[in-house]
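Student: I have a structure to read and would like to know how to describe its features. Could we take them one at a time?

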Amino acid sequence: MMMTITMIIGCVLGAVIGLLVPAIPYSASKYLAIAIVAALDSVFGGIASNVKKNFDVSVFISGFFVNAILAMLLTYLGQRLNVDIYLAAIIVFIGRMFNNLGIIRRYLLEKAKRANK
């Protein structure tokens, strides 16, 4: 229940901010893209931990922001060094997202099997 309310609040807040904030300049698009990937990784991780019954709000919130900030710092460092370091972060985050999605998928399949019995 708490997770559902949090997701609804996040979606509404994101929509309102999206309407109020002007368009993101091209120079910041890499930073925003990596921050979104890192945040989505945290969201899928939070859902997967909720499925495993070990969800902790403080771990979720800290992971959400720390992952996004670290990913943006790596992107900045990579731009300064003229190396695409952010690609490594994207590979790691997307790999973790697929792992968490697999956990969620298996949980939903088991839940559907139990409901059909």
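Student: At what angle do H3 and helix H4 pack, and how far apart are their axes?

Tutor: Two packed helices are described by the angle between their axes and the distance between the axes. Axes are lines fitted to C-alpha atoms, for helices over the stretch in contact, and angles run from 0 to 180 degrees between N-to-C directions. In this predicted model, H3 and helix H4 (residues 86-116) pack at about 150°, and their axes are 8 Å apart. H3 and H4 are therefore roughly antiparallel; angles under 35 degrees count as roughly parallel, over 145 as roughly antiparallel, 65 to 115 as roughly perpendicular and the rest as oblique. Contact means heavy atoms within 4.5 Å. Here Asn67, Ala71, Leu74 and Thr75 of H3 touch Tyr86, Ala89, Phe93 and Arg96 of H4.

Student: Which conventions apply to numbering and to a predicted model?

Tutor: Residues are numbered from 1 along each chain as its sequence is written, and side-chain values use heavy atoms, with hydrogens and water left out. As the model is predicted, local features need pLDDT of at least 70 and side-chain atom pairs count only at pLDDT 80 or more, while totals for chains, interfaces and linings use all residues.

Student: How many helices and strands does the chain have?

Tutor: Helices (H or I, at least four residues) and strands (E, at least two) are DSSP runs, numbered from the N terminus. This chain has 4 helices and 0 strands, in the pattern α-α-α-α. The C-alpha trace spans about 55 × 30 × 25 Å along its principal axes.

Student: How do H2 and helix H3 pack?

Tutor: H2 and helix H3 (residues 57-81) meet at about 150°, with axes 8 Å apart, and are therefore roughly antiparallel. Their crossing is right-handed. A crossing is left-handed if the near helix is turned anticlockwise from the far one by less than a right angle, and right-handed if clockwise. Residues in contact include Tyr31 and Gly46 in H2, and Phe60 and Gln79 in H3.

Student: What is the arrangement of H2 and H4?

Tutor: The angle between H2 and H4 is about 25° and their axes are 9 Å apart, so H2 is roughly parallel to H4. H2 passes H4 in a left-handed crossing. Among the residues making the contact are Phe44 and Val51 of H2, with Met97 and Tyr107 of H4.

Student: Which side chains meet in a salt bridge?

Tutor: A salt bridge is a side-chain nitrogen of Lys or Arg within 4 Å of a carboxyl oxygen of Asp or Glu. The whole structure has 1 salt bridge. Asp41 and Arg96 form a salt bridge at 2.6 Å, N to O. Asp41 is in helix H2 and Arg96 in helix H4, so the pair ties together parts that are 55 residues apart in sequence.
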